[in-house]
Amino acid sequence: MHDNPAQDDYQWPVCVTPRCNRQLWIAETGRYACRPCEDQTAKQLTELGPLFRRLNETSTLMRGARRPGGATSGSRTPPIPPRLEVLALTAAGGVATRLRDIEDSWRKALGWTVAPWRGSPTQAVPEHLKFLTNNLPWAVSSYESVGQDIDDLRKLHAECVAVAANEHRPGRVNIGRCPTRGDDGSLCRADLTATATSHRVHCGACGARWETLREWKQLREQQDAVLREDAGVAA
C-alpha cells in the first residue's frame, strides 16, 4: 500500500513511461521510471542481441535474391524471397540506428561525446546494447526523457520478436530445378522452392536435400552446370 500524504492537492509521482503511469513507491522516490519498467527494459536489451543476430543471418541469406522474372545474377547462392521487414531492421536505419539515437541522447545528457561506434550494424549493435544496459540505472533515475526511450525500446523489441517469429509468413518461390542425377544418369529436374525463413531445400520428387550454406552454393553450382549442359545440347 502506498504511503501517500494526506493533502488533497498533492499529486504522487508516477512512472514517466507511456502505457505505465504506475505510482512510484517510497523506495523509488527521485526516480523517473518504476523498477518494473527498468527490469523489463533490461530484459529486452538482453534479448535484442540474439534477436538481431538471428535477423541478420536471415538478411544474409536473402542477399543475392533475384527479382521475379529478372536475369540471373552472378550470385552463387540460390535466391530466396526478400522480406522487407527483415531488411528494414538489419540495414542502415534499422536496429543499429534506433539504438544509436537513444545512446546519443543519453550521452548528450551526460555531457559525453556521441557514440564512438559507427561501423556496420553487426559491429555497432552489441556496443549500443552494452552502453544502454550499463547506463539504464542512471537513465531511470536521472534522465527526464527516459520514459519515451523505454517505450521506443519496447517497440523495437516487439518488432524484432514479431519478425523473428515470422508472424507474417512469406510465400515460397521457385529457385530452379533439381540438378540431382538418378542411377541411370538422368536429371530429376523437379521444381525446387525456398522461403526466407529457412535455408533448407528439399526436393519432393527425388528426396535430395540441401541444408547448409555450403550445400546451397553446391546446389547453385550444380544448377549452373545443368544450364550450361542444356545450352551446349541446344547449340
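**Aromatic pairs, cores and backbone of a predicted model**

The structure holds three aromatic pairs, where the rings of Phe, Tyr and Trp (its six-membered ring) pair if their centres lie within 6.5 Å, with planes under 30 degrees apart counted as stacked, over 60 as edge-to-face and the rest as tilted. One of them joins Trp-106 and Trp-138 in an edge-to-face arrangement, 6.1 Å centre to centre and with 65° between the planes. This pair links distant parts of the chain, since Trp-106 sits in helix α3 and Trp-138 in helix α4 (residues 121-142), 32 residues apart. Trp-106 counts as buried at 1% relative accessibility, whereas Trp-138 is partly exposed at 22%. Here buried means under 20% relative accessible area, exposed over 50%, and partly exposed in between (1.4 Å probe, protein chains only). Trp-138 also pairs with Tyr-143: the ring centres are 5.7 Å apart and the planes meet at 20°, so this pair is stacked. Tyr-143 is buried, with a relative accessible area of 13%.

The model is predicted: local features need pLDDT of at least 70, side-chain atom pairs count only at pLDDT 80 or more, and totals for chains, interfaces and linings use all residues. Residues are numbered from 1 along each chain as its sequence is written, and side-chain values use heavy atoms, with hydrogens and water left out.

The overall layout comes next. The protein has six helices and four strands, and from the N terminus on the elements run α-α-α-α-α-β-β-β-β-α. Helices (H or I, at least four residues) and strands (E, at least two) are DSSP runs, numbered from the N terminus. Of the 235 residues, 37% count as buried. The accessible surface comes to about 13,800 Å², of which 51% belongs to carbon and sulfur atoms; the areas come from the Shrake-Rupley method with a 1.4 Å probe, and for residues only the protein chains shown count as cover. Among contacts (heavy atoms within 4.5 Å) with a separation of 6 or more, 56% are between residues 24 or more positions apart.

Helix α3, which carries Trp-106, can be checked for its length. Its 16 residues (95-110) should span 22 Å at 1.5 Å a residue, and the end C-alpha atoms are 23 Å apart, which agrees. The expected span is 1.5 Å times one less than the number of residues. The buried residues of α3 are Val-95, Ala-96, Leu-99, Ile-102, Glu-103, Asp-104, Trp-106 and Arg-107. After the helix comes Gly-111, whose phi is positive, near 80°.

In soluble globular proteins, nonpolar side chains tend to be buried together. A nonpolar core is taken as a set of buried Ala, Val, Leu, Ile, Met, Phe, Trp, Tyr and Cys residues joined through side-chain atoms within 4.5 Å. The largest such core has 33 residues, of which Val-95, Leu-99, Trp-106, Leu-132, Val-146 and Cys-160 touch the most other members. Helices α1, α2 (84-90), α3, α4 and α5 each give two or more residues to this core. Val-146 shows how parts of the chain meet: leaving aside its neighbours within four places in sequence, Val-146 is in contact with Val-16, Tyr-32, Ala-33, Trp-106, Ala-139 and Val-140. A second, separate core of eleven residues includes Ala-190, Leu-192, Trp-216 and Leu-219.

Two further buried residues deserve a look. His-157 lies in helix α5 (residues 146-164) and is buried, with a relative accessible area of 10%. Apart from neighbours within four places in sequence, His-157 is in contact with Gln-44, Glu-47, Leu-48 and Leu-51. Ala-194 is found in strand β2 and has a relative accessible area of 0%, so it is buried. The C-alpha atoms of Ala-194 and Asn-174 are separated by 6.8 Å, although these residues are 20 apart along the chain.

The backbone angles close the account. Most residues other than glycine have a negative phi. Arg-19, however, has a positive phi near 75°. This arginine lies in the segment before α1 (35-62) and is exposed, with a relative accessible area of 70%. Arg-189 also has a positive phi, of about 65°. Its place is in the loop between β1 (173-177) and β2 (191-194), and Arg-189 is partly exposed at a relative accessible area of 34%.
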